[in-house]
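Here is a briefing on pockets, cavities and helix packing. Keep the structure open while you read.

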Amino acid sequence: MAESLVFSSKIFKVDTVKMADRTEQIVKGGRNLLPLLPKAFTGVKQIGVIGWGSQGPAQAQNLRDSLEGTDIKVKVGLRAGSASMAEARKAGFDEQSGTLGEMFAVVKESDIVLLLIADAAQAELFGKVFENLRPGATLGLSHGFLLGHMKNVGAKFPANINVIAVCPKGMGPSVRRLYVQGKEVNGAGINASFAVHQDVDGHATDYALGWSVALGSPYTFQTTLESEYKSDIYGERGILLGAVHGIIETLYRRYVSQGKSKEDAFLNSAESITGPINKIISKKGIKAVYEGLDAAGKAEFEKAYTASYLPAKEILAEIYGDVSTGNEIRSVVLAGARMKTFPMGKIDGTETWKVGAAVRAKRVEANIPVNPFTAGVYIATMMAQIDVLLEAGHPYSEAANESVIESVDSLNPYMHARGVSYMVDNCSTTARLGSRKWAPRFDYILEQLAFTAIDEGKPGDAKLIEQFKSNPIHAVLAVCNELRPSVDISVT
């Protein structure tokens, strides 16, 4: 997986940043760069945004707003008769202005085609999409899922097109919300990775960077399409969605069984994670949570961390293996057909989330505790996820964004506002499926292995705490913190 990623741009300034013991290249975004977009999109008259799921509405609107006043049209393409047509019209795209049309017609007439339909739909329709792409056109993806599926079935991209990716490190609603919040603030948005998989005309890198800048990305870092899908599909099944859901369920039950009231159990599990723990990690880094505890708190943190790290890593290693071998992608494709009979159900019907709704209704932010045991379990899982990515050779920036930044700056604020379903179900179908599949596994293994070891008085491995303290991710996050969005997302 590890490889040297070096890129240059004719349009945008490329900065080199020191991250722990490595250097990586990034492009810093900002609204001051919007006047450069016509140059970045040389030869482009129309950008077609295909799909209206999690990313489609946000990207179509951000691109349209960023390209206002230029001669580049942003046109949305949807299935004929799609219920999403009405939603697109509400957002200002319509047939009369030539900014809304049937998806394959839009594919055929666009210079850049951003394929943002659901992953299972991409797996079903990619052949027809390829047939309708013009020679020399650019295919843009916001997820490497299609590459993973094509590897499974032995397919390849057409040789006469550019293939690029810009992958925002947050759900679509966050991409739009931060862009709108930051219209008067330079650098407001969601970080993104980019990849150039095929470049047939020498413009692919600048097309990708222009796309990312137009979305409002505070900074854009380089990856590969393969590295992106492995880290992204893995990450959302881990700490971003599935693991945090499982952690909260098991901690809530544990605290109730230990005698806490139901309200206090939720306060010390979900609220502690999405409130103060989240804020500290976002602004100061992971280690700052531990360093802010008193001696007794540190001891409780260490007990929870050392018991939880290896069980969590066991599941995370399994997830990464399933993603890397294509098994998880096959699972998503199969689920696409199965959901016609068995649609996804709600995931906030347990006592945990019913109690949570009442707790949120009378929430006082200042009264939410940093529970050291909760912090130990949560951070052990986050660190295990990071370590699996780094051991597989992923760039520091990718490990940081897919394990930490996306969680604390984009996803957890949604759970803090309205619960787990509001967070998970604002994401892609692939993410929603993965969260539902793997959350129970984290719940089970923590209760069966981590908590059992604690309750039996088994001592934790002190080396795990030393490895936590010296992990290079802390230096990486310090650099990333200097590049974070200039405004915090507001969900309520």
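A pocket here is an open set of grid points with protein on both sides within 12 Å along at least five of seven lines, and its lining residues have an atom within 4 Å of a point. The model is predicted. With that in hand, start with the largest pocket, which is lined by 48 residues.

**Largest pocket**
- The space in the largest pocket comes to about 1,100 Å³.
- Nearest the centre of this pocket lie Leu116, Ile117, Ala118, Asp119 and Thr429.
- Two strands are among the elements that give two or more residues to the lining: S4 (73-78) and S8 (162-168).
- The helices that do so are H5 (119-132), H9 (225-237), H14, H17 (396-418) and H19 (429-455).
- H5 provides the largest share of this lining, with 7 residues.
- Sorted by class, the lining holds 23 nonpolar, 14 polar and 11 charged residues.

**Second largest pocket**
- This pocket has about 370 Å³ of space.
- It is lined by 20 residues, and Asn278, Lys279, Pro413, Asp488 and Ile489 are the closest to its centre.
- H11 (262-284) and H17 each give at least two residues to the lining.
- The classes here are 8 nonpolar, 6 polar and 6 charged.

**Cavities**
- How many cavities of 30 Å³ or more does the structure hold? There are 3.
- The largest cavity contains about 110 Å³ of space.
- Its lining has 14 residues, with Ser282, Ile405, Asp409, Cys480 and Asn481 closest to the centre.
- At least two lining residues come from each of H11, H17 and H21 (473-481).
- H17 supplies the largest share of the cavity lining, 4 residues.
- By class, the cavity lining splits into 7 nonpolar, 4 polar and 3 charged residues.

**H6 against H14**
- H6 (residues 145-153) packs on H14 (residues 327-338) at an angle of about 95°, and the axes are 9 Å apart.
- The two helices are therefore roughly perpendicular to each other.
- On the H6 side, the contact is made by Phe145, Gly148, His149 and Asn152.
- On the H14 side, the residues are Ile329, Arg330, Val332 and Val333.
- The residues of this contact are 4 nonpolar, 3 polar and 1 charged.

**H5 against H6**
- The axes of H5 and H6 cross at roughly 75° and come within 10 Å.
- H5 contributes Asp119, Gln122, Ala123, Phe126 and Phe130 to the meeting.
- H6 contributes Phe145, Leu146, His149, Met150 and Val153.
- By class, the residues in this contact are 7 nonpolar, 2 polar and 1 charged.
- Phe145 and His149 of H6 meet H5, and Phe145 and His149 also take part in the contact with H14.
- Asp119 of H5 is in the contact with H6, and Asp119 is also one of the residues nearest the centre of the largest pocket.

**Gln385**
- Gln385 sits in H16 (residues 372-391).
- Is Gln385 buried or exposed? Its relative accessibility is 0%, so Gln385 counts as buried; the cut-off for buried is under 20%.
- Leaving out residues up to four places away in sequence, Gln385 touches Tyr234, Gly235, Gly238, Ile239, Leu316, Glu402 and Ser403.

Note on methods. Residues numbered from 1 in each chain as written. Predicted model: local features only at pLDDT ≥ 70, side-chain atom pairs only at ≥ 80, totals over all residues. Heavy atoms only, no water. Axes fitted to C-alpha atoms, helices over the stretch in contact; angles between N-to-C directions. Parallel < 35°, antiparallel > 145°, perpendicular 65-115°, else oblique. Contact = heavy atoms within 4.5 Å. Nonpolar A, V, L, I, M, F, W, Y, C, P; charged D, E, K, R; others polar. 1 Å grid on protein atoms, 1.4 Å probe; cavity = no way out; pocket = protein on both sides within 12 Å on 5 of 7 lines; lining within 4 Å. Points joined across faces, edges and corners; volume = space filled by probe spheres on them. Buried < 20%, exposed > 50% of the residue type's maximum accessible area, 1.4 Å probe, protein only.
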